[in-house]
Amino acid sequence: MRSGVWHIGTITGIPVKVHISFVLVFLIFAFPNIGLDEFWRLFLWDSLFVLLLFSCVLLHEFGHALTARRYGVGTREIVLLPIGGLAMLEHLPEKPVQELVIALAGPAVNFVIALVLSAYFLFYPVDQLIAYANRFGPAPIFAHPLLIIPVLMLTNLMLGVFNLIPAFPMDGGRVLRALLAIRVGRVNATRIATGLGQIFAAGFVALAFYTSSVLVGIIGLFIFFAARRELKVVRTTDFLKSTSFSQIAHLPPLIVLYEEQTVSDAAEAMLQGQDWPILVQDGQGSPAGVIEPVQLQPEMVQSNPEAPVRSLMNTQFAVLNESVPLQAAIDSGARLLLVLHKSDHSPICVLNRASLTRLIAESSNA
Ligand SMILES: [Zn+2]
(Lines give C-alpha, C1' and ligand atoms only; values in the text may rest on other atoms or scores of the structure.)
Protein backbone atom coordinates (compact mmCIF):
# COMPACT_ATOMS: atom_id res chain seq x y z
CA MET A 1 0.00 0.00 0.00
CA ARG A 2 1.43 3.36 -1.07
CA SER A 3 0.43 6.60 0.70
CA GLY A 4 -2.90 5.25 1.90
CA VAL A 5 -3.93 3.89 -1.48
CA TRP A 6 -5.02 0.30 -1.93
CA HIS A 7 -4.58 -1.33 -5.35
CA ILE A 8 -7.72 -3.43 -5.86
CA GLY A 9 -7.05 -4.62 -9.40
CA THR A 10 -6.20 -3.80 -12.98
CA ILE A 11 -9.04 -3.47 -15.50
CA THR A 12 -8.33 -3.15 -19.25
CA GLY A 13 -4.72 -2.42 -18.33
CA ILE A 14 -5.60 0.45 -15.97
CA PRO A 15 -4.72 0.06 -12.26
CA VAL A 16 -7.75 0.74 -10.03
CA LYS A 17 -7.00 2.03 -6.54
CA VAL A 18 -9.10 2.92 -3.53
CA HIS A 19 -8.05 5.52 -0.98
CA ILE A 20 -8.04 4.24 2.58
CA SER A 21 -10.34 7.13 3.63
CA PHE A 22 -13.03 5.36 1.60
CA VAL A 23 -13.78 3.32 4.75
CA LEU A 24 -15.25 6.58 6.13
CA VAL A 25 -18.11 6.34 3.64
CA PHE A 26 -19.33 3.11 5.22
CA LEU A 27 -19.00 4.67 8.68
CA ILE A 28 -20.90 7.84 7.66
CA PHE A 29 -23.76 5.66 6.40
CA ALA A 30 -23.68 3.41 9.48
CA PHE A 31 -23.49 6.24 12.03
CA PRO A 32 -27.21 7.22 12.18
CA ASN A 33 -28.19 3.58 12.74
CA ILE A 34 -26.01 2.98 15.79
CA GLY A 35 -28.09 1.62 18.64
CA LEU A 36 -30.96 0.45 16.43
CA ASP A 37 -32.04 -3.19 16.79
CA GLU A 38 -31.71 -3.62 13.05
CA PHE A 39 -28.19 -2.17 12.93
CA TRP A 40 -26.49 -5.05 11.12
CA ARG A 41 -29.29 -5.53 8.59
CA LEU A 42 -29.24 -1.79 7.81
CA PHE A 43 -25.45 -1.81 7.71
CA LEU A 44 -25.46 -4.56 5.07
CA TRP A 45 -27.98 -2.72 2.89
CA ASP A 46 -26.13 0.58 3.29
CA SER A 47 -22.87 -1.11 2.39
CA LEU A 48 -24.42 -2.76 -0.65
CA PHE A 49 -25.68 0.65 -1.76
CA VAL A 50 -22.22 2.22 -1.27
CA LEU A 51 -20.63 -0.56 -3.32
CA LEU A 52 -23.18 -0.19 -6.12
CA LEU A 53 -22.81 3.60 -6.09
CA PHE A 54 -19.04 3.44 -6.33
CA SER A 55 -19.26 0.85 -9.08
CA CYS A 56 -21.17 3.52 -10.98
CA VAL A 57 -18.46 6.06 -10.13
CA LEU A 58 -15.88 3.57 -11.41
CA LEU A 59 -17.82 3.12 -14.66
CA HIS A 60 -17.95 6.93 -14.96
CA GLU A 61 -14.14 7.08 -14.68
CA PHE A 62 -13.77 4.29 -17.23
CA GLY A 63 -15.98 6.40 -19.51
CA HIS A 64 -13.25 9.06 -19.38
CA ALA A 65 -10.33 6.62 -19.54
CA LEU A 66 -11.54 4.48 -22.45
CA THR A 67 -12.58 7.55 -24.47
CA ALA A 68 -9.13 9.06 -23.83
CA ARG A 69 -7.56 5.81 -25.02
CA ARG A 70 -9.36 6.21 -28.37
CA TYR A 71 -7.41 9.46 -28.79
CA GLY A 72 -4.12 7.82 -27.85
CA VAL A 73 -4.06 9.17 -24.28
CA GLY A 74 -3.32 6.54 -21.63
CA THR A 75 -4.59 6.53 -18.04
CA ARG A 76 -1.98 6.10 -15.31
CA GLU A 77 -4.53 4.94 -12.74
CA ILE A 78 -8.07 5.40 -11.49
CA VAL A 79 -8.39 6.35 -7.81
CA LEU A 80 -11.63 6.17 -5.84
CA LEU A 81 -11.96 8.75 -3.07
CA PRO A 82 -14.90 9.29 -0.70
CA ILE A 83 -15.87 12.38 -2.72
CA GLY A 84 -15.71 10.57 -6.07
CA GLY A 85 -13.29 9.11 -8.56
CA LEU A 86 -10.30 10.42 -10.47
CA ALA A 87 -9.00 9.08 -13.76
CA MET A 88 -5.39 10.23 -13.96
CA LEU A 89 -4.77 10.77 -17.67
CA GLU A 90 -1.13 10.72 -18.77
CA HIS A 91 -1.51 14.07 -20.49
CA LEU A 92 -4.12 16.31 -22.06
CA PRO A 93 -5.23 15.32 -25.56
CA GLU A 94 -3.86 17.52 -28.35
CA LYS A 95 -7.18 18.92 -29.58
CA PRO A 96 -9.71 20.76 -27.36
CA VAL A 97 -12.51 18.85 -29.10
CA GLN A 98 -10.99 15.60 -27.82
CA GLU A 99 -10.91 16.95 -24.27
CA LEU A 100 -14.56 17.93 -24.72
CA VAL A 101 -15.58 14.39 -25.72
CA ILE A 102 -13.48 12.80 -22.92
CA ALA A 103 -15.05 15.12 -20.32
CA LEU A 104 -18.59 14.42 -21.51
CA ALA A 105 -18.06 10.64 -21.58
CA GLY A 106 -18.08 10.37 -17.74
CA PRO A 107 -21.47 12.00 -17.04
CA ALA A 108 -22.85 10.26 -20.16
CA VAL A 109 -22.13 6.92 -18.45
CA ASN A 110 -24.23 8.01 -15.42
CA PHE A 111 -27.11 9.08 -17.65
CA VAL A 112 -27.02 5.74 -19.49
CA ILE A 113 -26.99 3.83 -16.18
CA ALA A 114 -29.98 5.91 -14.99
CA LEU A 115 -31.80 5.18 -18.24
CA VAL A 116 -31.16 1.43 -17.94
CA LEU A 117 -32.24 1.42 -14.27
CA SER A 118 -35.44 3.31 -15.12
CA ALA A 119 -36.68 0.04 -16.69
CA TYR A 120 -37.31 -0.93 -13.05
CA PHE A 121 -40.41 1.29 -13.05
CA LEU A 122 -41.98 -1.04 -15.62
CA PHE A 123 -42.11 -3.65 -12.86
CA TYR A 124 -42.76 -1.32 -9.92
CA PRO A 125 -44.79 1.79 -10.80
CA VAL A 126 -43.57 5.02 -9.15
CA ASP A 127 -46.76 5.62 -7.11
CA GLN A 128 -46.54 2.13 -5.67
CA LEU A 129 -42.92 2.80 -4.61
CA ILE A 130 -43.78 6.18 -3.09
CA ALA A 131 -46.57 4.59 -1.07
CA TYR A 132 -44.11 1.96 0.01
CA ALA A 133 -41.45 4.49 1.02
CA ASN A 134 -44.02 6.48 3.04
CA ARG A 135 -45.13 3.40 4.90
CA PHE A 136 -41.52 2.51 5.56
CA GLY A 137 -40.49 5.96 6.86
CA PRO A 138 -37.81 8.11 5.29
CA ALA A 139 -34.78 7.27 7.46
CA PRO A 140 -33.55 3.83 6.35
CA ILE A 141 -34.22 4.55 2.68
CA PHE A 142 -31.71 1.98 1.40
CA ALA A 143 -32.81 -0.59 3.91
CA HIS A 144 -35.54 -2.01 1.76
CA PRO A 145 -34.63 -4.04 -1.31
CA LEU A 146 -37.43 -2.43 -3.34
CA LEU A 147 -35.98 1.06 -2.99
CA ILE A 148 -32.29 0.50 -3.62
CA ILE A 149 -32.60 0.54 -7.44
CA PRO A 150 -34.72 3.73 -7.67
CA VAL A 151 -32.38 5.50 -5.26
CA LEU A 152 -29.40 4.35 -7.32
CA MET A 153 -31.09 5.62 -10.47
CA LEU A 154 -31.73 9.06 -8.94
CA THR A 155 -28.18 9.18 -7.58
CA ASN A 156 -26.79 8.51 -11.07
CA LEU A 157 -28.91 11.33 -12.48
CA MET A 158 -27.59 13.63 -9.73
CA LEU A 159 -24.01 12.51 -10.34
CA GLY A 160 -24.33 13.23 -14.06
CA VAL A 161 -25.78 16.71 -13.44
CA PHE A 162 -23.43 17.52 -10.53
CA ASN A 163 -20.35 16.65 -12.58
CA LEU A 164 -21.49 19.02 -15.32
CA ILE A 165 -21.31 22.07 -13.00
CA PRO A 166 -18.75 24.27 -14.79
CA ALA A 167 -16.34 24.27 -11.83
CA PHE A 168 -12.90 23.15 -12.88
CA PRO A 169 -11.61 20.41 -12.30
CA MET A 170 -15.05 18.81 -12.49
CA ASP A 171 -16.15 17.53 -15.88
CA GLY A 172 -18.29 20.60 -16.57
CA GLY A 173 -15.21 22.77 -15.99
CA ARG A 174 -13.28 20.66 -18.49
CA VAL A 175 -16.11 21.01 -21.00
CA LEU A 176 -15.98 24.79 -20.50
CA ARG A 177 -12.18 24.85 -20.82
CA ALA A 178 -12.30 22.81 -24.02
CA LEU A 179 -14.95 25.10 -25.55
CA LEU A 180 -13.00 28.22 -24.55
CA ALA A 181 -9.68 26.71 -25.73
CA ILE A 182 -11.00 26.48 -29.27
CA ARG A 183 -11.24 30.29 -29.29
CA VAL A 184 -8.68 31.68 -26.84
CA GLY A 185 -6.03 28.94 -26.51
CA ARG A 186 -5.52 26.44 -23.74
CA VAL A 187 -3.69 28.62 -21.20
CA ASN A 188 -6.25 31.44 -21.30
CA ALA A 189 -9.10 28.94 -21.32
CA THR A 190 -7.65 27.24 -18.24
CA ARG A 191 -7.23 30.61 -16.52
CA ILE A 192 -10.93 31.42 -17.05
CA ALA A 193 -12.21 27.91 -16.21
CA THR A 194 -10.11 27.54 -13.06
CA GLY A 195 -11.06 31.09 -11.97
CA LEU A 196 -14.71 30.15 -12.27
CA GLY A 197 -13.93 26.85 -10.50
CA GLN A 198 -12.51 28.76 -7.55
CA ILE A 199 -15.61 30.96 -7.36
CA PHE A 200 -17.75 27.80 -7.25
CA ALA A 201 -15.35 26.34 -4.66
CA ALA A 202 -15.85 29.41 -2.43
CA GLY A 203 -19.62 28.94 -2.92
CA PHE A 204 -19.36 25.31 -1.84
CA VAL A 205 -17.39 26.28 1.28
CA ALA A 206 -19.99 28.96 2.15
CA LEU A 207 -22.76 26.42 1.58
CA ALA A 208 -20.89 23.98 3.84
CA PHE A 209 -20.99 26.49 6.71
CA TYR A 210 -24.62 27.31 6.01
CA THR A 211 -25.71 23.64 5.95
CA SER A 212 -23.05 22.35 8.41
CA SER A 213 -22.08 19.77 5.78
CA VAL A 214 -18.51 18.56 6.12
CA LEU A 215 -18.68 16.72 2.79
CA VAL A 216 -19.69 19.85 0.85
CA GLY A 217 -16.82 21.72 2.53
CA ILE A 218 -14.34 19.03 1.54
CA ILE A 219 -15.59 19.10 -2.05
CA GLY A 220 -15.20 22.91 -2.05
CA LEU A 221 -11.62 22.76 -0.80
CA PHE A 222 -10.82 19.95 -3.22
CA ILE A 223 -12.09 21.98 -6.17
CA PHE A 224 -10.20 25.06 -4.99
CA PHE A 225 -6.80 23.40 -4.74
CA ALA A 226 -7.27 21.16 -7.78
CA ALA A 227 -8.16 24.23 -9.88
CA ARG A 228 -5.04 26.04 -8.69
CA ARG A 229 -2.87 23.05 -9.42
CA GLU A 230 -4.30 22.55 -12.91
CA LEU A 231 -3.62 26.16 -13.83
CA LYS A 232 -0.03 25.77 -12.72
CA VAL A 233 0.41 22.51 -14.66
CA VAL A 234 -1.05 23.96 -17.86
CA ARG A 235 1.03 27.13 -17.54
CA THR A 236 4.22 25.16 -16.98
CA THR A 237 3.48 22.75 -19.85
CA ASP A 238 2.81 25.66 -22.17
CA PHE A 239 6.00 27.39 -21.02
CA LEU A 240 8.09 24.25 -21.58
CA LYS A 241 6.71 23.71 -25.06
CA SER A 242 6.96 27.30 -26.22
CA THR A 243 10.28 28.37 -24.68
CA SER A 244 13.72 27.33 -25.90
CA PHE A 245 17.00 27.59 -23.96
CA SER A 246 17.99 30.53 -26.18
CA GLN A 247 14.95 32.51 -24.95
CA ILE A 248 15.98 32.31 -21.30
CA ALA A 249 17.72 35.44 -20.09
CA HIS A 250 19.66 33.92 -17.20
CA LEU A 251 21.03 30.52 -18.09
CA PRO A 252 23.39 29.10 -15.48
CA PRO A 253 27.04 30.15 -15.89
CA LEU A 254 29.29 27.75 -17.76
CA ILE A 255 32.05 26.54 -15.48
CA VAL A 256 34.78 24.62 -17.28
CA LEU A 257 37.62 22.50 -15.94
CA TYR A 258 40.13 20.32 -17.77
CA GLU A 259 40.48 16.63 -17.11
CA GLU A 260 43.90 17.07 -15.48
CA GLN A 261 42.65 19.59 -12.91
CA THR A 262 42.03 18.45 -9.37
CA VAL A 263 39.09 17.85 -7.07
CA SER A 264 40.04 20.92 -5.01
CA ASP A 265 39.95 23.04 -8.23
CA ALA A 266 36.46 21.66 -8.84
CA ALA A 267 35.33 22.53 -5.31
CA GLU A 268 36.61 26.08 -5.71
CA ALA A 269 34.98 26.47 -9.14
CA MET A 270 31.68 25.22 -7.80
CA LEU A 271 31.70 27.76 -4.98
CA GLN A 272 32.13 30.54 -7.53
CA GLY A 273 29.56 29.00 -9.85
CA GLN A 274 26.78 29.06 -7.24
CA ASP A 275 26.34 25.32 -7.12
CA TRP A 276 25.62 24.60 -10.78
CA PRO A 277 27.16 21.48 -12.41
CA ILE A 278 30.63 21.77 -13.98
CA LEU A 279 31.70 20.82 -17.51
CA VAL A 280 34.97 18.90 -17.84
CA GLN A 281 36.82 19.19 -21.17
CA ASP A 282 39.54 17.00 -22.61
CA GLY A 283 42.93 18.15 -24.03
CA GLN A 284 41.30 19.09 -27.37
CA GLY A 285 38.69 21.22 -25.64
CA SER A 286 35.81 18.80 -26.33
CA PRO A 287 33.24 18.04 -23.63
CA ALA A 288 34.34 14.91 -21.76
CA GLY A 289 32.17 14.77 -18.64
CA VAL A 290 30.09 16.52 -16.01
CA ILE A 291 30.61 16.93 -12.26
CA GLU A 292 27.57 17.51 -10.09
CA PRO A 293 27.49 19.54 -6.85
CA VAL A 294 26.55 16.48 -4.74
CA GLN A 295 29.79 14.79 -5.80
CA LEU A 296 31.86 17.44 -4.05
CA GLN A 297 31.05 16.87 -0.40
CA PRO A 298 33.58 18.58 1.94
CA GLU A 299 34.81 15.24 3.39
CA MET A 300 35.42 13.92 -0.09
CA VAL A 301 37.36 17.03 -1.14
CA GLN A 302 39.45 17.01 2.07
CA SER A 303 40.32 13.33 1.87
CA ASN A 304 41.66 13.44 -1.69
CA PRO A 305 42.06 17.07 -2.87
CA GLU A 306 44.72 16.27 -5.47
CA ALA A 307 42.76 13.55 -7.31
CA PRO A 308 42.13 14.47 -10.96
CA VAL A 309 38.54 15.51 -11.77
CA ARG A 310 38.64 12.83 -14.47
CA SER A 311 38.25 10.23 -11.74
CA LEU A 312 35.01 11.85 -10.62
CA MET A 313 33.21 12.99 -13.76
CA ASN A 314 30.10 11.42 -15.31
CA THR A 315 30.60 10.64 -18.97
CA GLN A 316 26.94 9.94 -19.77
CA PHE A 317 25.13 13.12 -20.78
CA ALA A 318 22.69 14.22 -23.46
CA VAL A 319 23.61 17.06 -25.81
CA LEU A 320 20.92 19.51 -26.89
CA ASN A 321 20.90 22.57 -29.11
CA GLU A 322 19.78 25.81 -27.42
CA SER A 323 17.06 26.32 -30.05
CA VAL A 324 15.00 23.28 -28.93
CA PRO A 325 12.13 23.79 -26.46
CA LEU A 326 12.77 23.04 -22.79
CA GLN A 327 10.27 20.18 -23.12
CA ALA A 328 12.84 18.36 -25.29
CA ALA A 329 15.24 18.32 -22.33
CA ILE A 330 12.59 16.61 -20.20
CA ASP A 331 11.55 14.23 -22.98
CA SER A 332 15.18 13.16 -23.46
CA GLY A 333 14.95 11.49 -20.05
CA ALA A 334 18.64 12.29 -19.51
CA ARG A 335 19.84 13.09 -16.01
CA LEU A 336 22.73 15.24 -17.30
CA LEU A 337 22.45 17.69 -20.13
CA LEU A 338 24.89 19.81 -22.14
CA VAL A 339 23.35 22.75 -24.03
CA LEU A 340 25.18 23.98 -27.13
CA HIS A 341 25.12 27.30 -28.94
CA LYS A 342 22.90 27.04 -32.01
CA SER A 343 25.40 28.33 -34.60
CA ASP A 344 28.92 27.39 -33.51
CA HIS A 345 27.96 24.47 -31.23
CA SER A 346 30.11 25.77 -28.39
CA PRO A 347 28.91 24.77 -24.88
CA ILE A 348 26.53 27.22 -23.17
CA CYS A 349 25.64 25.49 -19.93
CA VAL A 350 25.45 22.15 -18.13
CA LEU A 351 22.38 20.98 -16.23
CA ASN A 352 21.37 18.05 -14.12
CA ARG A 353 17.80 17.15 -13.11
CA ALA A 354 17.84 19.37 -10.03
CA SER A 355 19.33 22.37 -11.82
CA LEU A 356 16.93 21.96 -14.75
CA THR A 357 13.99 22.03 -12.32
CA ARG A 358 15.50 25.11 -10.63
CA LEU A 359 15.99 26.84 -13.97
CA ILE A 360 12.40 26.08 -15.07
CA ALA A 361 10.96 27.26 -11.74
CA GLU A 362 12.95 30.55 -11.87
CA SER A 363 12.13 31.22 -15.51
CA SER A 364 8.44 30.24 -15.59
CA ASN A 365 7.66 32.49 -12.60
CA ALA A 366 9.54 35.44 -14.06
ZN1 LIG B 1 -15.83 12.73 -14.51
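Biologist: What makes β5, β6 and β7 an open sheet?

Modeller: The three strands lie in the order β5-β6-β7 with mixed pairing. β5 (256-258) and β7 (287-291) are the edge strands with a single partner each, so one side of each has no neighbour in the sheet. From one strand to the next the twist averages 35 degrees, where axes are lines fitted to C-alpha atoms (for helices over the stretch in contact) and angles run from 0 to 180 degrees between N-to-C directions. Do keep in mind that this is a predicted model: local features need pLDDT of at least 70 and side-chain atom pairs pLDDT 80 or more, while totals for chains, interfaces and linings use all residues. Residues are numbered from 1 along each chain as its sequence is written.

Biologist: Why do β5 and β6 count as paired?

Modeller: Two strands pair if DSSP finds at least two bridges between them. β5 and β6 (residues 278-281) have three bridges, in the parallel sense, so they meet that rule. One of the bridges joins tyrosine 258 to glutamine 281 in β6.

Biologist: And how do you know that β6 and β7 pair, and in which sense?

Modeller: Four bridges link them, in the antiparallel sense. Isoleucine 278 stands opposite isoleucine 291 in β7. The hairpin of β6 and β7 has five residues between the strands, and glycine 285 there takes a positive phi near 85 degrees.

Biologist: What makes β8, β9 and β10 a sheet of the open kind?

Modeller: They form a mixed sheet of three strands, in the order β8-β9-β10. The twist here averages 25 degrees from one strand to the next. β8 and β9 (residues 336-340) are parallel over four bridges, and leucine 320 has valine 339 in β9 as its bridge partner. Helix α13 (residues 353-365) packs on this sheet and touches β9 and β10, with a direction about 105 degrees from that of β10.

Biologist: What makes a stretch a helix or a strand, and how many does the chain have?

Modeller: Both are DSSP runs numbered from the N terminus: H or I of at least four residues for helices, E of at least two for strands. By that rule the chain has 13 helices and ten strands.

Biologist: How do you know where the domains are, and which bounds do they have?

Modeller: The bounds come from an automatic or database domain assignment: domain 1 (1-164), domain 2 (168-242) and domain 3 (246-365). The C-alpha centres of domains 1 and 2 lie 22 Å apart. Their contact (C-beta atoms, placed from the backbone, within 7 Å) takes eleven residues from domain 1 and 13 residues from domain 2. Helix α3 (residues 96-117) gives the most to the domain 1 side, with eight residues. That side has eight nonpolar, two polar and one charged residues; Ala, Val, Leu, Ile, Met, Phe, Trp, Tyr, Cys and Pro count as nonpolar, Asp, Glu, Lys and Arg as charged, and the others, Gly among them, as polar.

Biologist: What radius of gyration does the chain have, beside that of a compact globule?

Modeller: The chain has 28 Å, whereas a compact globule of 366 residues would be near 21 Å; the radius is taken over C-alpha atoms, and the globule rule is 2.2 Å times the number of residues to the power 0.38. The C-alpha trace spans about 95 × 50 × 40 Å along its principal axes.

Biologist: What makes a residue buried, and what share of the chain is?

Modeller: A residue is buried if 20 or more other C-beta atoms lie within 10 Å of its own, exposed if 12 or fewer, and partly exposed in between, with C-beta atoms placed from the backbone. Of the 366 residues, 30% count as buried.

Key: Contact = placed C-beta atoms within 7 Å.
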